[in-house]
Each structure stands twice: as C-alpha cells, then as structure tokens.
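Please look over the sequence and the model shown here.

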Amino acid sequence: MDLYVIVCAAGPVRDLPELVAEAQARDWTVQVVTTPKAVDFVDVAELERRTGRKVRVNYRHPSEPKPPRADAIVVYPATFNTINKFALGITDTYALGLLAEAPGLGIPVTLVPFVNDALAARAPYRAAVAALQEEGVRFAAGWREAGPFLSVPPDRLNG
Ligand SMILES: Cc1cc2nc3c(=O)[nH]c(=O)nc-3n(C[C@H](O)[C@H](O)[C@H](O)COP(=O)(O)O)c2cc1C
C-alpha cells in the first residue's frame, strides 16, 4: 500500500525522516513528492535512501509509465499557497495534480498546515479550509496528530 507524502516549502521539513520511518513501521511504502519550491528544503538523497524511491517533483514525461496510485496522501507541511490552490482546483505542480484527483478517486487526504496567524486569518484561506473539509479532506495539527489516520490498517482505507 502506497502512502504519498507531499512536501511543501515550509520550515518543518526536518521531521520528514521520522514521519517516513513511522509510516514504514506501519507497513506503508512511502513515496515522497515535493513541490518545485520545496525540493530545495529537503535532503533528496536521504529521503530516496529511506524510501527506495525517487523523490518526485514534476509531472512525468508522457512516454514514462504511470507511477502506482496513492492509497492515501499526507501533505506535510502544507503551505498557505498549496492549500489555497488545492481548494481552487489548480494543478500547476505535480503535487497539486495528485491532490486535485484524490477526492474524486476516494483517496484519503490529510493536510498538516503550517500557516501563520496572519495568513490563517485571511478569507481565502478560511474558505479553502471549509471547502476542502466539505470534500472530506482531513486536517491535522501535526503529523503525529495524523497518527490515527496513519494507523488505519491499509486494507481498511478504501473499504
Ligand atoms: C524558510 C521559509 C519558510 C517558510 N515557511 C512557510 C510556512 O511555514 N508556511 C507557508 O505557508 N509558507 C512558508 N514559506 C513560504 C512558501 O515557501 C511560499 O509561499 C512558496 O511559494 C510555497 O510554495 P509551495 O506551496 O508550492 O511549496 C516559507 C518560505 C521560506 C523561505
């Protein structure tokens, strides 16, 4: 079962190896996808070593095979920018393309936002959170709080 960890360009990326390890301990195969901005925030080689998979940043070339579909998606950290664009259906990054389809495919998505108070008070952000929740997207205060989601036995996720 494939857990996609989508990484946006915000500070707390240093916890990623721990998140990956915890997910693997729960029998997930982890695929890391970063936004084009976030790729410079992470240690790509370290994440590839841990996951055994290439970190994905961009859409594949049309001649490349389709990668395996995610069974669940965690966005950690989720930025103001990506949350707003996800709610609007914008797909100008590979990460957003995955997110755009997920609700329609029944793939569970948990967002772990890192948005400061000034940005979180903005009307577009509040509308985005409400719209995404309406579509079944879950929000967690931190990736550890997403634990119950990660703890769901994979075979029950889409059942
Ligand atoms: C060091 C640093 C930390 C940042 N932290 C955050 C953050 O916590 N939350 C946020 O929404 N944006 C943060 N930003 C701004 C985002 O990187 C910026 O909005 C970017 O366009 C987000 O792109 P993405 O959503 O495609 O990853 C940070 C930028 C820098 C340089």
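How far is an oxygen atom of the ligand from an N or O atom in the side chain of N81? The distance is 3.0 Å, which falls under the definition of a polar contact (a pair of N or O atoms within 3.5 Å; within protein, one must be able to donate a hydrogen and the other to accept it, and residues adjacent in sequence count only if both atoms are side-chain atoms). The model is predicted: local features need pLDDT of at least 70, side-chain atom pairs count only at pLDDT 80 or more, and totals for chains, interfaces and linings use all residues. Residues are numbered from 1 along each chain as its sequence is written, and side-chain values use heavy atoms, with hydrogens and water left out.

In T35, a side-chain N or O atom is 2.7 Å from a ligand oxygen, and in T82 a polar side-chain atom lies 2.6 Å from an oxygen atom of the ligand. The ligand taken alone exposes 650 Å², of which the protein buries 60%; accessible areas come from the Shrake-Rupley method with a 1.4 Å probe, and for residues only the protein chains shown count as cover. The residues around the ligand, those with a heavy atom within 4 Å of it, include C8, A9, A10, G11, K37, F41 and F114.

T82 is placed in helix α3; helices (H or I, at least four residues) and strands (E, at least two) are DSSP runs, numbered from the N terminus. With a relative accessibility of 5%, T82 counts as buried (buried is under 20% relative accessible area, exposed over 50%, partly exposed in between, with a 1.4 Å probe and protein chains only). Apart from neighbours within four places in sequence, T82 is in contact with C8, T35, L96 and L99, where contact means heavy atoms within 4.5 Å.

L96 and L99 are among the buried residues of α4, together with Y94, A95, G97, L98 and A102. These buried residues pack against β1 (2-7), β2, β3, α3 and β4. Helix α4 has 12 residues and reaches 16 Å from its first C-alpha to its last, close to the 16 Å expected at 1.5 Å a residue; the expected span is 1.5 Å times one less than the number of residues. L105 lies in α4 (residues 94-105) and, at 38% relative accessibility, is partly exposed. After α4 comes G106, with a positive phi near 75°.

An α-helix has 3.6 residues a turn, so residues three or four places apart point the same way. Just after α6, G136 takes a positive phi of about 95°.

Two more backbone features remain. Most residues other than glycine have a negative phi, and most peptide bonds are trans. D27, in the loop between α1 (16-25) and β2 (29-34), has a positive phi near 70°, and is exposed at 64% relative accessible area. The peptide bond from Y76 to P77 is cis, with omega near -10°, and P77 is placed in strand β3 (residues 72-78).
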